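Work through the exercises below with the sequence and the model in view, and try each task before reading its solution.

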Amino acid sequence: MSIQNISLSGRKKQVSNKEMTLGERLYIGAIAGGMATTFKHLFKKKVTINYPEETRPFSPVYRGQHMLMRDEEGRERCTACGLCALSCPAEAITMKAAERKPDEKHLYREEKYAEIYEINMLRCIYCGLCEEACPKQAIYLTTSKKIVKADTNREHFIFGKEQLVMPLEQAIRNTAKSE
Amino acid sequence: MEEAIIIEKSVIIVAVFAITMLFAMYCTLAERKIAAWIQDRRGPNRAGPGGMLQPLADGLKLFAKEEFMPNTPNTFLFVLGPFISMTMALMTSAVIPWGDTLEIGGRKVVLQAADINVAMLYVFAVLSVSVYGIMIGGWASNNKYSLISAMRVASQMISYEIAMGLSIVALLMMHSSMSLRDIAAGQHEMNWNIFYQPIGFLIFLICSFAETNRTPFDLAECEQELIGGYHTEYSSMRMGFFLFAEYAAMFISSTLLAVLYLGAYNYPGMTWAAENWGENAANGIGIAVLFVKICFFIFLYMWVRWTIPRFRYDQLMNLGWKTLIPLAIINIVITAVVLLLKS
């Protein structure tokens with residue numbers, strides 16, 4: 001067997017430049033075949049969806065926007081240890097720690113908390129490593145359909161605590177549900 | 001009596017004009033919808049129920065856009081171009097028989113704006129003028145690409161008009177009349193011309209595609225090499241007029257195809273319907289039948305657009321001059337021989 005005849009896929013074909021017959025050169029058969037193909041597509045299932053009314057199902061491993069969790073008493077879990085920032089491959093997370101005052105016991109769970117906690121959403125790659133690194137189970141990439149809103153100003157993509165911390169009502173609702 | 005005729009004619013003229021405009025409008029929607037369906041998409045469905053108000057929205061948008069005028073040596077011609085295209089596309093509809101007679105208020109109303117006995121000559125005369133609109137528009141744009149595109153259109157339209165005219169000659173010989181009304185009436189029941197003139201029909205169909213600048217003959221509008229074509233410099237409603245003229249021409253040529261080859265308003269069982277339900281009802285159904293036929297051809301135009309790729313320029317010329325014209329002449333000779341043998 002010569003090397004020219006070897007075909008791994010079994011679909012190898014010899015190219016030929018043979019003259020077309022008269023029937024082929026009229027192209028009528030080819031055109032009719034093409035028309036039949038396009039006509040069939042008229043009744044095929046549409047691949048597009050009516051977006052705002054319908055949405056495509058999210059994958060089970062979908063990672064949405066970050067959320068800083070509260071505990072069952074509504075206190076912020078984050079203790080500003082910096083492990084999330086350290087594990088972040090895109091270096092999107094920055095934070096500044098502060099010490100808890102005695103009258104702030106109802107606000108923060110640990111004695112240290114994040115005074116500033118910022119995520120640059122333009123840098124974040126949603127890898128989920130911050131979620132894995134967090135020893136306090138404070139940061140999560142939610143499975144909600146919450147998506148970072150489009151904007152023309154780059155400054156607006158740096159999310160502070162006001163956008164990241166779980167709203168208090170939601171924490172109360174979650175606690176009520178679990179009890 | 002004289003006044004009644006004037007009123008009757010005015011009503012018919014307005015109706016014909018309105019129908020042509022309406023069809024041309026909804027052709028744009030149909031085009032987008034069918035294009036979408038063939039590509040497994042949904043198409044416009046936001047404006048109105050199922051997107052039915054989309055043509056109005058498109059029109060509003062075109063009116064609201066900025067009218068850009070290039071630095072052209074002749075502003076008048078630049079503005080004139082789209083209007084010539086538009087007028088010529090609409091003028092053909094005057095001689096088309098939309099149906100047989102209808103009896104309204106004791107009067108026999110002929111459903112045709114103008115029953116002239118040189119209708120075919122008139123159609124070809126008007127069709128050949130429509131090339132001026134594109135030519136003038138392309139030239140006045142002061143843009144080399146537009147000029148090249150306009151030249152292409154001119155040569156294409158002229159070469160295909162010859163084949164189109166020749167394909168009609170055989171038909172005129174068969175009916176020995178140039179009046180569209182006579183040709184329509186001569187195809188009673190199922191005596192449609194397509195069965196007697198299949199080659200002529202095919203030539204006329206291909207030439208209609210070329211005449212209306214539709215794919216696969218839309219060399220006038222090449223995004224790739226002519227950045228748009230003859231209407232590159234046109235914007236807003238002026239551009240809209242060019243597109244509108246294209247759709248109006250498409251509607252008119254669909255109508256011509258239906259009238260000349262697919263039996264116009266005739267349908268099998270017409271005599272039976274006239275006997276049982278009366279002349280008026282039979283002719284009323286005839287109008288609907290004609291519109292179904294027209295819609296079929298409009299659909300065919302759009303269907304072909306998404307099937308057959310665009311011709312190269314030399315292929316286009318080869319097809320026109322070396323294939324269609326000889327074929328049309330052979331068709332005339334065959335028809336002549338058959339008619340001679342019959343008589």
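**Exercise 1.** Determine how the residues lining the largest pocket divide by type, and where they come from.

*Solution.* Step one is to sort the lining of the largest pocket, which gives 24 nonpolar, five polar and two charged residues, where Ala, Val, Leu, Ile, Met, Phe, Trp, Tyr, Cys and Pro count as nonpolar, Asp, Glu, Lys and Arg as charged, and the others, Gly among them, as polar. This is a predicted model, in which local features need pLDDT of at least 70 and side-chain atom pairs count only at pLDDT 80 or more, while totals for chains, interfaces and linings use all residues. Residues are numbered from 1 along each chain as its sequence is written, and chains are lettered from A in the order in which they are written.

Step two is to find the elements that each supply at least two lining residues: α1 (22-26) and α2 (28-41) of chain A, together with α8 (198-211), α12 (279-305) and α13 (313-342) of chain B.

Step three is the space itself, about 1,200 Å³. Of the 31 lining residues, the closest to the centre are A:Leu26, A:Tyr27, A:Ile31, B:Ile206 and B:Leu319.

**Exercise 2.** Describe how helix α1 and helix α10 of chain B pack.

*Solution.* First, take the geometry: α1 (residues 2-38) and α10 (residues 236-260) of chain B pack at an angle of about 105 degrees, with their axes 8 Å apart. The two helices are therefore roughly perpendicular to each other, a term for angles of 65 to 115 degrees.

Next, look at the residues that meet (contact means heavy atoms within 4.5 Å): from α1(B) they include B:Phe23 and B:Cys27, and from α10(B) they include B:Phe244 and B:Phe251. The residues of this contact divide into twelve nonpolar, two polar and one charged.

**Exercise 3.** Is B:Tyr261 buried or exposed, and which residues does B:Tyr261 touch?

*Solution.* Begin with the position of B:Tyr261, which is in the loop between α10 and α11 (270-277) of chain B. Because its relative accessibility is 0%, B:Tyr261 counts as buried (under 20% relative accessible area, with a 1.4 Å probe and protein chains only).

Then leave aside the neighbours within four places in sequence; the contacts of B:Tyr261 that remain include B:Ser167, B:Leu171, B:Gln187, B:Trp192, B:Phe204 and B:Leu256.

Methods
Heavy atoms only, no water. Axes fitted to C-alpha atoms, helices over the stretch in contact; angles between N-to-C directions. Helix = DSSP H or I, 4+ residues; strand = E, 2+ residues; numbered from the N terminus. Parallel < 35°, antiparallel > 145°, perpendicular 65-115°, else oblique. 1 Å grid on protein atoms, 1.4 Å probe; cavity = no way out; pocket = protein on both sides within 12 Å on 5 of 7 lines; lining within 4 Å. Points joined across faces, edges and corners; volume = space filled by probe spheres on them. Buried < 20%, exposed > 50% of the residue type's maximum accessible area, 1.4 Å probe, protein only.
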